[in-house]
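Me: Please take a close look at a single part of this model and walk me through its surroundings in one connected account. I would like each term to be given with its cut-offs.

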Amino acid sequence: MPKKILKGIVISDKMDKTVIVSVERTFQDPFYKKTVKSRKKYKAHDEDNRCKIGDEVEIIESRPLSKTKRWKVLRILKEAER
């Protein structure tokens, strides 16, 4: 089974080797047929502490790395303007 890959924006880099990534998805409400946005936050492993707040990153599913961390940063797509 292939691993899931998600795209999101780093919203926190305060922890060591960990970033919090906000992933937004859009879907249509089944009853009202209205397009809805929803966001979910994932903790992702960042081995070299390269990610900063505002970076657009891809994260990939991995084995459990801690109590709440189950994703790794695959690559930085776009760096935030500093």
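Reply: **A loop residue and its surroundings**

Glu47 is partly exposed, with a relative accessible area of 44%, where buried stands for under 20%, exposed for over 50% and partly exposed for what lies in between, computed with a 1.4 Å probe on protein chains only. The model is predicted, and local features therefore need a pLDDT of at least 70 and side-chain atom pairs count only at pLDDT 80 or more, while totals for chains, interfaces and linings use all residues. Residues are numbered from 1 along each chain as its sequence is written, and side-chain values use heavy atoms, with hydrogens and water left out.

Glu47 forms a salt bridge with Lys17, the closest N and O atoms being 3.2 Å apart; the term requires a side-chain nitrogen of Lys or Arg within 4 Å of a carboxyl oxygen of Asp or Glu. The pair links distant parts of the chain, 30 residues apart, with Lys17 in the loop between strand 1 (5-12) and strand 2 and Glu47 in the loop between strand 3 and strand 4; strands here are DSSP runs of E of at least two residues, numbered from the N terminus. Lys17 is likewise partly exposed, at a relative accessible area of 32%.

Asp46 lies in the loop between strand 3 and strand 4, and although Asp46 is buried, it has no salt bridge, the nearest side chain of opposite charge being that of Arg50, 5.0 Å away. Leaving out residues up to four places away in sequence, Asp46 touches Lys17, Thr18, Val19, Cys51 and Val73, contact meaning heavy atoms within 4.5 Å.

Thr18, in strand 2 (residues 18-28), is buried, with a relative accessible area of 7%. The side chain of Thr18 makes a polar contact with the side chain of Lys69 at 2.9 Å, a polar contact being a pair of N or O atoms within 3.5 Å, of which, within protein, one must be able to donate a hydrogen and the other to accept it, and residues adjacent in sequence count only if both atoms are side-chain atoms.

Val19, Cys51 and Val73 are among the 11 residues of the largest nonpolar core, a nonpolar core being a set of buried Ala, Val, Leu, Ile, Met, Phe, Trp, Tyr and Cys residues joined through side-chain atoms within 4.5 Å. Strand 2, strand 3 (35-45), strand 4 (56-61) and strand 5 (71-78) each supply at least two residues of this core, and the largest share, three residues, comes from strand 2. In soluble globular proteins, nonpolar side chains tend to be buried together.

Beyond four places in sequence, Val73 touches Val19, Ala44, His45, Asp46, Cys51, Val57, Glu58 and Ile59. Of these, Ile59, in strand 4, is buried with a relative accessible area of 0%. Strand 4 and strand 5 pair in the antiparallel sense over six bridges, whereas strand 3 and strand 5 pair in the parallel sense over two bridges, pairing requiring that DSSP find at least two bridges between two strands. Ala44 has Trp71 of strand 5 as its bridge partner.

Glu58, another contact of Val73, counts as buried at 13% relative accessibility. Glu58 forms a salt bridge with Arg75, at 3.0 Å between the closest N and O atoms.

Technical notes: Helix = DSSP H or I, 4+ residues; strand = E, 2+ residues; numbered from the N terminus. Lys, Arg positive; Asp, Glu negative; His and termini not counted.
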